[in-house]
Amino acid sequence: MRVAEAIAMRLSGAHIVLGVTGSIATYKAVGLASALVQAGATVDVIMTEAATRMVQPLSFQAITHRPVHVDMFAPWAETEIGHVTLGQQADLLLVAPATANTIAKLALGLADNLLTTTALAARCPLVVAPAMETAMWHHQATQGHVATLMRRGVTIIEPEAGHLASGARGVGRLADEGRILATLARLLAPQDLAGRHIVVTAGGTREAIDPVRFVSNASSGRMGYALAEAAVQRGARVTLISSVTGLPTPLGVDLVPVESAREMHDAVLQAIRAADALLMAAAVADYRPADVASQKRKKGNEAWTLRLVPNPDILEAVKGEKPSGLMVIGWAAETHDIIENARSKLERKDLDIIVANPVPQTFGSDRVQATLLFRDGTIVPLEPLSKVALANRLLDLVVEHLRRPRRGAENQSQT
Ligand SMILES: Cc1cc2nc3c(=O)[nH]c(=O)nc-3n(C[C@H](O)[C@H](O)[C@H](O)COP(=O)(O)O)c2cc1C
């Protein structure tokens, strides 16, 4: 599996200890280890004795290019790594798959093998991804142990429903690799947007002509999705108002699906009431067909003239109803006079920052050559960046902006 850039960015350079236990899903940990290594993480694998009965340690060693640890009492192991040092050096300890047995030991604080001893000595975040038959998962003992771990701050990646090794269907399958990686990425990201509510818009709106046709534009929505994913990784509550149909919703993001500019307008005004920042990455249609036919128009030989009327301007409406302190970032996708047009839009719409970029190069592409224009007149041309990297740069600015004392609040505290 190719690891998505937004996730790889967080995993790259991280030191992860992967604890592998004896489950029918043990083989999936090989794929997981491979994905982590491909993303640039250093991975040390600790296997339980039961796990080695399912998969040979050599598989993990070949993938991680590092020794695999099993025996706590091996004399060489004690001299080279010590029975506690692995967990103390790690950025994160992931147990995947986690058996009912190991979950019970972790909850009770038992330390009878290298994995459980490491977990007890580790000071880094512990993430547990259980895998077992449905009855074992639902058993009061397992549920009690999971609750204990959660109370202690352990992140549990709940198992999924589906086909199980026994042939039955039910809850118990190891969580999907993408979900596990996204969870690790979130835990490794700086939580500098924790407690903040960020609203992001994405995609080109679709303006209906009849039940099957619409007017739209070439925006892929990837900029908005990169922003939403990066913001949620950094701890924000994220509302993504999107007209995109073909992109997966990033884990943890609240999606508000919309189609037309008017739907997006209403959703934005609703969402910003309790938001800290609005990032308007969507390419909102300026015009819509004046009349929407209720039935599909039949093909004919005569020319067809479509009359368009202006859509409501979302940023104009936000300006009128902006709650105090809301940071607003807009986009100017321009074919010519990019900076002049962006500057005028920033002023007209009372934006904090505008991201000016040339089209059509930006639409659908993974890289952006953007210039940032700030309210105070500063202009910062950026080097070509991926949309994920640009998203994080913009969120750095959001963090910086939100940290500044608000003008109104400052005055109040002085009086
Ligand atoms: C073929 C096979 C598959 C197993 N699959 C699971 C499983 O998916 N989840 C689980 O909790 N136990 C499973 N078990 C039972 C565990 O291997 C057993 O409880 C063992 O003691 C776990 O040891 P560990 O937690 O140290 O790895 C399985 C056993 C066998 C023989």
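This is a guided tour of the structure, going from its domains to its core, then to one helix and the ligand.

The model is a predicted one, in which local features need pLDDT of at least 70 and side-chain atom pairs count only at pLDDT 80 or more, while totals for chains, interfaces and linings use all residues. Residues are numbered from 1 along each chain as its sequence is written.

**The two domains**

Begin by colouring domain 1 (5–188) and domain 2 (197–296 + 304–402) separately, with bounds that come from an automatic or database domain assignment. Their centres, taken over C-alpha atoms, are separated by 39 Å. Where they touch, eight residues of domain 1 are in contact with seven residues of domain 2, contact meaning that the C-beta atoms, placed from the backbone, lie within 7 Å. On the domain 1 side, the elements that give two or more residues are α1 and α11; helices (H or I, at least four residues) and strands (E, at least two) are DSSP runs, numbered from the N terminus.

**The nonpolar core**

Next, select Leu18, Val200, Leu227 and Ala231, which have the most contacts inside the largest nonpolar core, a set of 119 residues. Such a core consists of buried Ala, Val, Leu, Ile, Met, Phe, Trp, Tyr and Cys residues joined through C-beta atoms within 7 Å, and a residue is buried if 20 or more other C-beta atoms lie within 10 Å of its own. Helix α12 (residues 222–233) gives the most to this core, with eight residues. Both domain 1 and domain 2 give residues to the core, so it lies between them. Around Ala231, leaving aside neighbours within four places in sequence, show its contacts Leu193, Ile198, Val200, Ala236, Val238 and Leu395.

**Helix α2**

Now move to helix α2 (residues 28–38), where Lys28, Ala29, Leu32, Ala33, Ala35 and Leu36 are buried. These residues cover an arc of only 160 degrees around the axis, which puts them on the same side of α2; the arc is that of the directions from the helix axis to the C-beta atoms. Among the elements that cover them are β1 (15–20), β2 (42–47) and β3 (92–98). After α2 comes Gly40, whose phi is positive, near 100 degrees.

**Around the ligand**

Finally, select the ligand, around which there are 15 residues, with Thr21, Gly22, Ser23, Thr48 and Thr99 coming nearest; a residue counts as near if its C-beta atom, placed from the backbone, lies within 6 Å. The elements that give two or more residues to this shell are α3 (49–54) and α7 (100–108), and α7 gives the most, with three residues.

Methods. Buried ≥ 20, exposed ≤ 12 C-beta atoms within 10 Å, placed from the backbone. Contact = placed C-beta atoms within 7 Å.
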